[in-house]
Protein chains: 2
Amino acid sequence: MKVVALAGGVGGAKLADGIARILPPEDVTIIVNTGDDFEHLGLTICPDLDTVLYRLAGVANDETGWGRAGESWRTITEVAALGGPDWFRLGDLDLATHLMRTHMLREGESLTAVTHHLCQKLGIQVSVLPMSNQPAPTQIQSGDTVYPFQTWFVQEKWQPPITRVLLPEDVRATRSVIRAFETADLVLIAPSNPFVSIDPILNVYPIRALLMDLPQAVIAVSPIVGGQAVKGPAAKMMQELGLPHTSRAVAEYYDELIDGFVYDVQDAGSCDGLAVETRCLDTMMYTAEDRTRLAQEIIEFAEVLLKD
Amino acid sequence: MKVVALAGGVGGAKLADGIARILPPEDVTIIVNTGDDFEHLGLTICPDLDTVLYRLAGVANDETGWGRAGESWRTITEVAALGGPDWFRLGDLDLATHLMRTHMLREGESLTAVTHHLCQKLGIQVSVLPMSNQPAPTQIQSGDTVYPFQTWFVQEKWQPPITRVLLPEDVRATRSVIRAFETADLVLIAPSNPFVSIDPILNVYPIRALLMDLPQAVIAVSPIVGGQAVKGPAAKMMQELGLPHTSRAVAEYYDELIDGFVYDVQDAGSCDGLAVETRCLDTMMYTAEDRTRLAQEIIEFAEVLLKD
């Protein structure tokens with residue numbers, strides 16, 4: 001079964017890792033949100049791509065969910081001493097990724113080519129693709145203020161209440177992204193934030209249309225467990241956008257886009273009667289074993305959907 | 001006595017430090033070569049400025065002459081592991097300077113303003129000025145090949161024989177540089193490489209004309225001791241350019257630009273009969289005491305010149 005997974009940061013990275021552990025690498029493509037990429041201290045930083053890469057490479061920091069294991073903070077501490085911004089915590093190892101990426105982009109390579117290079121160097125065998133080679137910055141509107149995404153997310157600690165998520169127009173998917181969708185049996189929407197991780201990917205032309213039109217199965221995994229986001233602002237954003245902060249509301253938000261929906265055992269029964277097929281599974285991914293088991297159960301679910 | 005010192009890297013930084021140790025800070029301006037600045041890994045790197053700043057701040061690496069004391073190499077080691085260039089050794093502490101500088105330049109600050117900010121944060125009280133706010137890249141021609149300066153100097157370890165030094169046209173000094181010259185009693189040409197440290201400064205309009213026209217004393221200190229450069233390629237370049245690699249040839253190279261010339265006791269007698277006033281001094285600066293003593297002796301020499 002050929003699988004394309006749409007991933008944001010931490011949750012997406014974990015499910016991508018589960019999928020990568022059970023399928024042949026040539027059958028797995030992870031398409032990653034780049035809406036939260038930004039330029040900082042002269043460097044091009046792609047937080048979601050890095051979270052996915054580090055997780056797949058087995059060098060992720062398990063405590064924070066982002067960044068690298070065994071990280072140190074010598075440079076950013078000195079940047080702060082020199083009066084520079086240190087709200088975005090750039091570790092010494094992590095910095096090497098940003099320097100390398102910025103170097104290759106300045107030399108004229110595409111973000112897709114840079115990501116492929118990093119995968120090779122990090123020993124990652126599955127395909128990891130940025131959703132686009134074009135900049136596609138997500139912005140957060142809070143009342144009259146419009147924040148660049150990382151300013152709102154990291155610097156403001158996602159506290160300013162959200163009025164609207166602003167996504168750019170005219171962003172196009174790469175050829176390799178389109179080809180991945182065209183050959184996929186299953187498109188998996190990872191348990192990432194629907195508004196700032198998944199919508200930015202769906203907003204890239206023609207990804208939403210491909211998902212609607214192509215015959216593959218589309219399964220989403222809920223990022224909401226017990227009324228809370230496993231990590232990050234998803235539940236808070238749902239409240240501020242006037243939605244119930246439940247798995248059911250996530251399924252209804254994806255609506256006709258999905259054929260199947262996976263939600264957590266803590267919410268058992270809450271998604272009964274939805275128009276899509278559902279599976280109630282243990283979606284918490286603390287360990288590699290959790291990730292493998294959940295991926296396996298989702299593939300089994302997909303096999304049932306594809307037979308219908 | 002108001003002193004303006006023209007400085008390249010290591011030797012210039014050491015003499016600048018000596019001057020800074022004996023004169024009131026408001027009387028000292030160091031004008032630094034930026035011809036060897038370059039963009040690398042997305043960062044704007046100013047090697048001579050950094051060497052001067054680190055020396056004046058007391059955080060210089062005494063063993064290498066460049067970079068910071070107590071440096072570590074975690075990020076650049078990881079850059080190399082990711083397949084990136086590591087021929088320019090960026091230490092973890094040093095990187096913070098480049099990140100901060102690049103950040104401020106991207107925000108629209110001038111290199112002069114960035115340098116002033118770094119001086120404040122590093123506790124440097126004398127004025128340190130880049131020769132220009134414009135990029136002014138020095139290039140090295142070797143036969144038919146033209147190298148960006150750092151490629152020749154660091155990556156090629158200054159081995160390709162030099163045919164010509166190529167300096168850019170139409171680079172202009174900043175207002176603060178011109179003002180420093182206009183109020184100086186003494187212009188000191190530090191024991192830096194005449195071709196790739198001092199000439200790039202003199203090439204900035206109207207610095208050479210200011211030195212010729214203004215009534216201040218101009219004293220150069222020879223970077224050649226016993227027929228060798230104290231550090232770097234100065235002697236090798238003199239040979240390749242068809243000049244004797246001697247202090248005397250340095251004095252003749254500066255010619256009418258200078259009123260006084262300081263050369264090392266190892267070359268005693270070698271500069272007799274020159275048209276300029278000379279002083280034969282111990283110019284080796286191993287310690288802070290050496291730097292203070294040499295600076296003091298040069299100031300005494302300048303006082304004699306200014307009385308004439």
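The legends below describe views of a predicted model. Residues are numbered from 1 along each chain as its sequence is written, and chains are lettered from A and ligands numbered from 1 in the order in which they are written. In this predicted model, local features need pLDDT of at least 70 and side-chain atom pairs count only at pLDDT 80 or more, while totals for chains, interfaces and linings use all residues.

**View 1. Chain A as a whole.** Chain A holds 12 helices and 14 strands; these are DSSP runs numbered from the N terminus, helices being H or I with at least four residues and strands E with at least two. The C-alpha trace of chain A spans about 60 × 45 × 40 Å along its principal axes. For 308 residues a compact globule would have a radius of gyration near 19 Å, and the 18 Å of chain A agrees; the radius is taken over C-alpha atoms, and the globule rule is 2.2 Å times the number of residues to the power 0.38. Of the 308 residues in chain A, 50% are buried. A residue is buried if 20 or more other C-beta atoms, placed from the backbone, lie within 10 Å of its own, exposed if 12 or fewer, and partly exposed in between.

**View 2. Helix α1 of chain B.** The 13 residues of α1(B), residues 10-22, should span 18 Å at 1.5 Å a residue, and the end C-alpha atoms are 19 Å apart, which agrees. The expected span is 1.5 Å times one less than the number of residues. Of these 13 residues, 11 are buried, including B:V10, B:L15 and B:I19. The buried residues of α1(B) pack against β1 (3-7), β2 (28-32), α2, α8 (194-202), β10 (217-221) and α12 (288-307) of chain B.

**View 3. The surroundings of B:A60.** B:A60 sits in the loop between α2 (47-57) and α3 (74-81) of chain B. B:A60 counts as buried because it has 23 C-beta neighbours inside 10 Å. Leaving aside neighbours within four places in sequence, B:A60 is in contact with B:Y54, B:R55, B:R68 and B:A69; contact requires C-beta atoms, placed from the backbone, within 7 Å.

Definitions and conventions:
Contact = placed C-beta atoms within 7 Å.
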